[in-house]
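Me: I would like to learn how to read strands and cores in a model. Can we go through one together?

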Amino acid sequence: MTSITRITISLAAGILLAALAATPAFADDDPPRGGDSSPGDPFGTGVSEADDRDGGADAPPAADDESSHASTDRGHGHDHSPRIELGDPRGPIVGWTAARPDGHAPIGVMADHTHAAGEWMLSYRYMLMLMDGNRDGSHRQGDGRVLNDFPVAPTDMSMQMHMIGVMYAPTDDLTLMAMVPIVYKSMDHDIRTGGRFTTESDGIGDVSLTALYKVLDSGDESGGHRIHLNLGISFPTGGIGEKDTIFNGATIRLPYPMQLGSGTFDMIPGFTYMGESDDWSWGGQAKVRIPISGHSRRGYSWGEIYTATAWGARRVTDWLGLSLRAELSYWENFSGRDRALNGAVVPTADPDRRAGKRLDVFVGANFKAPSSVPDYSRGTGSRWRWACPSGSTTTGRPSTPS
Ligand SMILES: [Cu+2]
């Protein structure tokens, strides 16, 4: 009998903040428009952009040329500036652009976009997962049923994650991304002989570095398409020797799902596609997480984790996009085992009860900060995104970003 926790609620919210360094690589397509306090735009509303363009005192010279915008729009996709808005007097958008509320994937998708040369981006995400109950395959198992086979049954688990991300693009085709997760986990248990107890762990998770390499960037006035390759490496920075005290006062090694990382170097190859039309956008991402350094010092490694997701989004206004996303995951059992854990006591300590699969459906919203926010008037922008699922099936996936 497998015993796998089921995720019933998961929430993600985040803020993406771009700080665009003033290098020549994009100075020509990212003047501090909209928020700058030019005489024609005393309230920083951006409504007098046509005046800016004519006056142009604050803008680099190249920004005055419409044709240069048409070409740079295409080449510099991840642009957080307010340059391209609905009703922009400059005319049609050419090709794929990030400068719209649905120009980024739903918040749960990492590494969805690349940047133009010289751009930096800082992001913060908060994720909450509440998991409840046990499953054997896709069949729910009552706690009593689990206690028939094990002296201890996990009943529910919560995980919170704060994720700090930094992106930098040395060239238009190559973007580098670092992600640092900070994780809080808590798991409740029932004891066969009566009683309950809770274990907790927290700390830094597995830090990852990802190279995003753009291989397709095409489009015209009616929309565009982009594809990039993702090549990530996850480092074993998350603890796998976490301990806590249980009901009888003993301090024990926590079972696998309560550890903070994989304990191994993992490779995460994948690819991402994003497409756009006037009011719609869509995309997909597939990736796999593969341990590449053999067993960890505790004597095991995770199984491979396969993830595929696809989404569609509608631009409702120039600041709001609504999305629907599905994600399919499949993950294998562990190789080896941690000898400090006894899988006969609690199913979460069994390396052969780790595998599973899961389908999630998420609804989400992206908010794009108005271009007139004064703090962002120097060529920076921000957006807030959140998503929550409307349904799910089985889980048990190791709860570390992959
Ligand atoms: Cu970014």
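Me: In which sense do E8 and strand E11 pair, and over how many bridges?

Reply: This is a predicted model. E8 and strand E11 (residues 266–276) pair in the antiparallel sense, over 11 bridges. For one partner pair, take Gly 232: its bridge partner in E11 is Ile 268.

Me: Over how many bridges do strand E7 and E8 pair?

Reply: Strand E7 (residues 208–220) pairs with E8 over 12 bridges, in the antiparallel sense. Here Ser 218 stands opposite His 225 in E8.

Me: How many residues lie between E7 and E8 in their hairpin?

Reply: The hairpin of E7 and E8 has 2 residues between them.

Me: How do I read the two faces of a strand?

Reply: In a regular strand, side chains alternate between the two faces of the sheet. Now take strand E8 (residues 223–234). Its covered face holds Gly 224, Arg 226, His 228, Asn 230, Gly 232 and Ser 234. Its uncovered face holds Gly 223, His 225, Ile 227, Leu 229, Leu 231 and Ile 233.

Me: Which residues touch the most other members of the largest nonpolar core?

Reply: Ala 105, Met 110, Ala 111 and Met 177 do, in a core of 14 residues. Strand E5 (174–191) and strand E14 (305–315) are the elements that give two or more residues to this core.

Me: What is Met 177 in contact with, beyond its neighbours within four places in sequence?

Reply: Ala 111, Gly 165, Met 167, Thr 210 and Leu 212. There is also a second, separate core of 12 residues. Met 129, Met 131, Met 157 and Met 258 are among them.

How values were computed. Residues numbered from 1 in each chain as written. Predicted model: local features only at pLDDT ≥ 70, side-chain atom pairs only at ≥ 80, totals over all residues. Core = buried A, V, L, I, M, F, W, Y, C linked by C-beta atoms within 7 Å. Buried ≥ 20, exposed ≤ 12 C-beta atoms within 10 Å, placed from the backbone. Helix = DSSP H or I, 4+ residues; strand = E, 2+ residues; numbered from the N terminus. Contact = placed C-beta atoms within 7 Å. Pairing = 2+ DSSP bridges.
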